Amino acid sequence: MATTKWVLDPTHSEVEFKVKHLMISTVTGHFNTFSADVTTEGEDFTTSKVTFTVDATSISTNNEQRDGHIKGSDFFDVATYPQIKFVITKIENVDHDGSYNVNGDLTIRNITKNIRLEVEFGGVIKDPWGNTRAGFTANGKINRKEFGLTWHMTTDTGGIVLGDDVRIHVALELIKG
């Protein structure tokens, strides 16, 4: 079977994360620049070879001061580690109806851990311009400290300023090359 190359449509894709602040609210952030190298056998996404790269310098939480802190050495240290990378290692069909568990190696700050994402396959369609498109939504959770993001602070009353768990949400639209 022929290998198919897929190109990311960044206009219809997003990378988002959520983390607890003071354990009473949630801060949401995005990465504005990312890319994907995706190949499949035909249009069979269970055969996917995927490398997904995020430009860590493109982080946005809608607060410049916070973004600057996150880009610094307390968190991503983007001067030294400008990229976050995810490479798929295993795809498991959960229900034969579009739900998959996708395992992959996530690298942040040069620390690589295998994580699992729950992926929903939206399907494949022909768009009005004759392109073949595929859509996916992925969700998961990591512990930021496992990736060297160990900054910690407590309030005067002993409360935690920043949670350890980070929820990840990625929506991708791919165009058949």
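Predicted model: local features only at pLDDT ≥ 70, side-chain atom pairs only at ≥ 80, totals over all residues.
Biologist: Which helix does Asp67 lie in?
Modeller: Residues are numbered from 1 along each chain as its sequence is written, and side-chain values use heavy atoms, leaving out hydrogens and water. Helices (H or I, at least four residues) and strands (E, at least two) are DSSP runs numbered from the N terminus. In that scheme, Asp67 lies in helix H1.

Biologist: How far from Asp67 is the nearest side chain of opposite charge?
Modeller: Lys and Arg count as positive and Asp and Glu as negative, while His and the chain ends are not counted. Asp67 is buried (under 20% relative accessible area; exposed is over 50% and partly exposed lies in between, with a 1.4 Å probe and protein chains only). Asp67 has no salt bridge (a side-chain nitrogen of Lys or Arg within 4 Å of a carboxyl oxygen of Asp or Glu). The nearest side chain of opposite charge belongs to Arg66, at 4.9 Å.

Biologist: Which strand does Lys141 lie in, given its salt bridge with Asp165?
Modeller: The closest N and O atoms of Asp165 and Lys141 are 3.9 Å apart. The pair ties together parts that are 24 residues apart in sequence, because Asp165 lies in strand S11 and Lys141 in strand S10.

Biologist: What is the angle between the planes of Phe31 and Phe76?
Modeller: Rings of Phe, Tyr and Trp (its six-membered ring) pair if their centres lie within 6.5 Å; planes under 30 degrees apart are stacked, over 60 edge-to-face and the rest tilted. That rule gives eight aromatic pairs. Phe31 and Phe76 are edge-to-face, 5.9 Å centre to centre, with their planes at 70°.

Biologist: How many residues apart in sequence are the parts that Phe31 and Phe76 tie together?
Modeller: Both Phe31 and Phe76 are buried. Phe31 lies in strand S3 (residues 25–31) and Phe76 in the loop between helix H1 (64–71) and strand S7 (83–93), so the sequence separation of the parts they tie together is 45 residues.

Biologist: How far apart in space are Val161 and His21?
Modeller: Val161 is found in the loop between strand S10 (132–143) and strand S11 (162–176), and is buried because its relative accessible area is 14%. Val161 touches residues including His21, Leu22 and Trp151, with contact meaning heavy atoms within 4.5 Å. Although Val161 and His21 are 140 residues apart in sequence, their C-alpha to C-alpha distance is 5.6 Å.

Biologist: How many bridges join S2 to S11?
Modeller: Two strands pair if DSSP finds at least two bridges between them. Within S11, His169 stands opposite Glu16. Strand S2 (residues 14–21) and S11 run antiparallel, and the number of bridges joining them is seven.

Notes:
Lists of a residue's contacts leave out its neighbours within four places in sequence.
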